[in-house]
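Morning, everyone. I have a few minutes and one structure to walk you through.

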Amino acid sequence: MLFDREDDDFGSDAATRALSVTAVETDFMARVYAKQACWYDLWFGPTLHHGRLVAIEHMGIAPGDRILETGFGTGINAALYPRNCHVTGIDFSASMLDKGRDRVEQKGLRNIRLLEMDASHMMFADDSFDIVYAPYLISVVPDPVQVVKEMRRVCRPGGKIIVLNHFRSASPIFSRFERAISPFTVHLGFKSDLDLPGFLAQAGLQPISIKKVNFPRLWSLVTCIKD
Amino acid sequence: MPVDAELLEILACPNCKTPVTLVKNGTALRCGQCHRVYPIKDDIPVMLIDEATIEPEAG
């Protein structure tokens, strides 16, 4: 059993229920992240780094692998990838991507290319990547299910789809708190109440593992294999 | 990393799912089907429909 939450007062059919109480538009988030570009690494760097390290481990990257990182942002993961793989990073925010480009250049990471792109409408052909990774992105985008559909489309059969994110707690008390603050946390750049079972059901994902990461263990690393 | 042949091989227009080609001396990408031209700014292709211009004769 991958999760054990009982249905609560907002529970209904996982395949149809709202994934969050908060709805955001892409332009809204783009504005939030334009302001955040300068201090993102300070706020979300060390606190979320354990999850990034575990995610890289779980990828099992082989030499020559083609990796797509959606939500590349300031390039905080850039130096974690082995130099013998090919990384494509995309982000909707030009401000964040400017920081990402500076980091890639400063570190001389010639195996990384960047594109400004909407993760919910990617411009890649089907089956283009061996590993498709969304670190701390799914709670930022307006339509997480559409993003995962795109991630699945561009991942080759047998490739890995990896989602690293905070999801709503299994505890009813914490869960209600996360729902209550979600309309406020979106101004910091994320929804705090994304529903993991609903997300998996609606995205049609069948994970091979779900691992709790970071301290405290409020974030999940969801690993799937494309059929 | 600039736009290379490998990237061009997998890039497709979201509007019509057809390949794009480098145009304007390598400073933009163009879809041959819908004629949208996507700029490349500081080595980063901006692959957003809203940022594209429609240029039937771009080359």
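Let me start with a term. Two residues are in contact if their C-beta atoms, placed from the backbone, lie within 7 Å.

Some ground rules. This is a predicted model: local features need pLDDT of at least 70, side-chain atom pairs count only at pLDDT 80 or more, and totals for chains, interfaces and linings use all residues. Residues are numbered from 1 along each chain as its sequence is written, while chains are lettered from A and ligands numbered from 1 in the order in which they are written.

Chain A. There are 7 helices and 7 strands in chain A. From the N terminus, their order is α-α-α-β-β-α-β-β-α-β-α-α-β-β. The C-alpha atoms of chain A fill a box of roughly 50 × 40 × 30 Å along the principal axes. How does its radius of gyration agree with that of a compact globule? For 227 residues the globule value is near 17 Å, and chain A has 17 Å, which agrees. That radius is taken over C-alpha atoms, and the globule rule is 2.2 Å times the number of residues to the power 0.38. Of the 227 residues, 45% are buried. Among contacts in chain A with a separation of 6 or more, 74% are between residues 24 or more positions apart.

Now chain B. It has 1 helix and 5 strands, in the pattern α-β-β-β-β-β. Its C-alpha atoms fill a box of roughly 25 × 20 × 20 Å along the principal axes. With 59 residues, a compact globule would come out near 10 Å, and chain B has 10 Å, which agrees. Buried residues are 31% of the 59. Residues 24 or more positions apart account for 14% of the contacts in chain B with a separation of 6 or more.

Where do the chains meet? 15 residues of chain A are in contact with 13 residues of chain B. On the chain A side, α4 and β3 are the elements that give two or more residues. The largest share, 6 residues, comes from β3(A). By type, the chain A side divides into 8 nonpolar, 2 polar and 5 charged residues. Here Ala, Val, Leu, Ile, Met, Phe, Trp, Tyr, Cys and Pro count as nonpolar, Asp, Glu, Lys and Arg as charged, and the others, Gly among them, as polar.

Stay with β3(A). It pairs with β4(B) in the parallel sense over 2 bridges. Strands pair if DSSP finds at least two bridges between them. Glu116(A) has Val46(B) as its bridge partner in β4(B).

Now α4(A). It covers residues 94-106, 13 residues in total, and reaches 18 Å from first C-alpha to last, close to the 18 Å expected at 1.5 Å a residue. That expected span is 1.5 Å times one less than the number of residues. Its buried residues include Met96(A), Leu97(A) and Val104(A). What do they pack against? In chain A, α1, α2, β2 and β3; in chain B, β4. After the helix comes Gly108(A), with a positive phi near 65 degrees.

Compare α5(A), residues 144-154. Pro144(A), Val147(A), Val148(A), Glu150(A), Met151(A) and Val154(A) are its buried residues. They span an arc of only 160 degrees around the axis, so they sit on the same side of α5(A). The arc is that of the directions from the helix axis to the C-beta atoms. Their cover includes β1, β4, β5 and α7 of chain A.

Most residues other than glycine have a negative phi, and most peptide bonds are trans. Asp127(A), not a glycine, has a positive phi of about 60 degrees. It is in the loop between β3 and β4 of chain A, and counts as partly exposed because it has 15 C-beta neighbours inside 10 Å. Asp42(B) also has a positive phi, near 50 degrees. Asp42(B) lies in the loop between β3 and β4 of chain B and is exposed, with 12 other C-beta atoms within 10 Å. Finally, the peptide bond from Phe215(A) to Pro216(A) is cis, omega near -5 degrees. Pro216(A) is in the loop between β6 and β7 of chain A.

Methods
Helices (H or I, at least four residues) and strands (E, at least two) are DSSP runs, numbered from the N terminus. A residue is buried if 20 or more other C-beta atoms lie within 10 Å of its own, exposed if 12 or fewer, and partly exposed in between; C-beta atoms are placed from the backbone.
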